[in-house]
Amino acid sequence: MRVTFLTFLFFSSLAWSVPLTWENLLASALNDPSMEASEKKMQLLSTGPTPKLWSDLELRYKAEMGMMDHKFEARLKPAKIGENAALKNYWAALGNYHKAQATCTLSELIHRRYNLALRYLTQQAEIEIHEKLYQANQDRIQVLLALSGTEDFNPSDLVEAQEKDAELKAKVYESLNTLNEIALRLQVWVPESDTVILDTSWLPPVESIQQRITAAPPVVDSTYPLLSRAHTKYKANEARIDLENVGDNSVLKYVGVRYNWTVAKKKYEYIGNQLTNTLVRKDDNTRIIDRWQLSAGFTVPFFASKGDSKMRRQLDQLDRESDYLADKYSLEQEVSRLREEIGALFQQRTIQQEFTERVDAGSLFQDFAVHAGSNPLLLLKASESSLSSTLRSIRLEHEI
């Protein structure tokens with residue numbers, strides 16, 4: 001009674017607090033710092049690349065030591081043909097990859113919350129079973145005390161029941177502490193709440209899960225976040241290689257415009273006759289049209305070593321494709337292993353349920369009851385066996 005009263009106080013104290021529900025628990029995953037970082041990356045990539053009008057623009061200046069000649073040049077490297085389209089595709093592929101990465105992150109965050117919340121519900125169910133086992137053992141002690149002094153009394157049974165009483169009481173307290181610890185961990189994700197009230201009505205029954213897995217075995221496809229991330233990573237690498245391949249066959253490397261400025265060379269001559277000669281300075285500059293020059297650079301594709309670069313890129317792409325196929329195969333093996341593991345859990349649960357049904361129906365101890373007569377200890381043993389089997393079924397359902 002004392003343990004039951006403490007349990008009642010524990011749960012009744014939660015009834016006056018702001019509840020933590022499935023909705024605000026799972027929604028808290030969107031506010032996780034890791035999700036905020038992913039959102040910033042996707043927002044940056046969503047703006048897209050800036051169109052390139054040229055690949056590079058250089059301004060050059062050259063002066064002679066005597067500072068008499070000055071050369072100014074503007075050299076423009078044109079954008080490679082198809083580079084803007086390839087760059088846009090690469091940014092889009094990067095955006096898809098980071099979106100898939102954000103989905104994986106969100107999936108993991110939701111899984112942690114979902115798993116811990118299910119542990120909370122399982123722990124609640126286990127507390128109820130432990131309390132019933134504790135009460136059944138209390139009844140056993142009372143029956144044994146009533147049988148004391150009779151020939152059916154066995155002192156060792158009473159000692160064993162009293163030892164079990166302390167053990168069951170400790171399990172109840174331990175389960176309550178575990179439940180409280182799980183609640184505190186859940187409330188870290190939803191700090192504005194201080195209670196945990198999780199509705200179990202929407203959870204699919206184990207039989208429904210078994211029917212779905214048996215009727216339609218899971219097939220690994222793009223709906224799996226891990227596979228989607230691996231595929232988009234492969235496509236992003238493919239787009240990067242396409243971008244690097246752009247312009248390999250470009251012929252025009254650059255065009256330039258140069259202006260030469262020469263400081264005037266000073267020359268003098270006499271104007272007039274011998275009596276009235278005047279010394280006059282002449283500027284020996286070239287014509288302004290001769291100061292401008294155009295230049296262009298061209299690539300000679302013959303005997304170039306670009307084939308080695310293309311080969312390295314192709315090998316890199318094949319490596320990325322192998323990584324993707326390896327990730328897909330690993331995921332398929334993991335899903336198959338989990339399906340087999342869940343199938344084994346289904347079989348164990350079926351056995352436990354059949355045992356519990358036989359105990360509850362009284363058929364399991366019927367033969368013993370014929371020989372034992374009206375021994376009350378037999379009924380208590382049947383009840384304890386049924387509760388222990390139910391406890392194992394609860395734990396199996398949690399694993400499933």
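Tutor: Apart from residues up to four places away in sequence, Q352 touches S389, R392, S393 and L396, where a contact means heavy atoms within 4.5 Å. The model is a predicted one, in which local features need pLDDT of at least 70 and side-chain atom pairs count only at pLDDT 80 or more, whereas totals for chains, interfaces and linings use all residues. Residues are numbered from 1 along each chain as its sequence is written, and side-chain values use heavy atoms, with hydrogens and water left out.

Q352 belongs to helix α8, residues 306-361; helices (H or I, at least four residues) and strands (E, at least two) are DSSP runs numbered from the N terminus. Because its relative accessibility is 16%, Q352 counts as buried, the classes being buried under 20% relative accessible area, exposed over 50% and partly exposed in between, with a 1.4 Å probe and protein chains only.

The same helix α8 also carries R349, which is buried, with a relative accessible area of 7%. R349 and E397 form a salt bridge with an N to O distance of 3.0 Å (a side-chain nitrogen of Lys or Arg within 4 Å of a carboxyl oxygen of Asp or Glu). This pair links distant parts of the chain, since R349 sits in α8 and E397 in helix α10, residues 376-399, 48 residues apart. E397 itself, at 33% relative accessibility, counts as partly exposed.

R349 has a further salt-bridge partner in E207, at 3.1 Å from N to O. Because R349 lies in α8 while E207 lies in helix α6 (residues 206-215), the pair ties together parts that are 142 residues apart in sequence. E207 is partly exposed, with a relative accessible area of 37%.

A contrasting salt bridge is found within a single helix: K171 pairs with E167, their closest N and O atoms being 3.8 Å apart, and both residues lie in α5, 4 residues apart, about one turn of the helix. K171 is partly exposed at a relative accessible area of 34%, and E167 is likewise partly exposed, at 43%. Altogether the structure holds 17 salt bridges.

The nonpolar part of the picture begins with the largest nonpolar core, which has 19 residues; L20, Y120, L121, L186, V196 and L198 touch the most other members. Such a core is a set of buried Ala, Val, Leu, Ile, Met, Phe, Trp, Tyr and Cys residues joined through side-chain atoms within 4.5 Å. Helices α2 (22-27), α4 (83-146) and α5 (155-189) each supply at least two residues of this core. Neighbours within four places in sequence aside, L121 is in contact with W22, L198, T200 and L203. In soluble globular proteins, nonpolar side chains tend to be buried together.

W261 lies in strand β5, residues 252-262, and counts as partly exposed because its relative accessibility is 40%.

Two strand pairings can be followed here, a pairing requiring that DSSP finds at least two bridges between the strands. Strand β2 (residues 54-63) runs antiparallel to strand β3 (residues 69-78) and is joined to β3 by 9 bridges, with R60 standing opposite E73 in β3. β3 pairs with β5, also in the antiparallel sense, over 8 bridges, and H70 has W261 in β5 as its bridge partner.

For the chain as a whole, the secondary structure comes to 10 helices and 8 strands, and buried residues make up 29% of the 400 residues. Of the contacts with a separation of 6 or more, 79% are between residues 24 or more positions apart. The chain exposes about 26,600 Å², of which carbon and sulfur atoms supply 56%, with areas from the Shrake-Rupley method and a 1.4 Å probe, where for residues only the protein chains shown count as cover.
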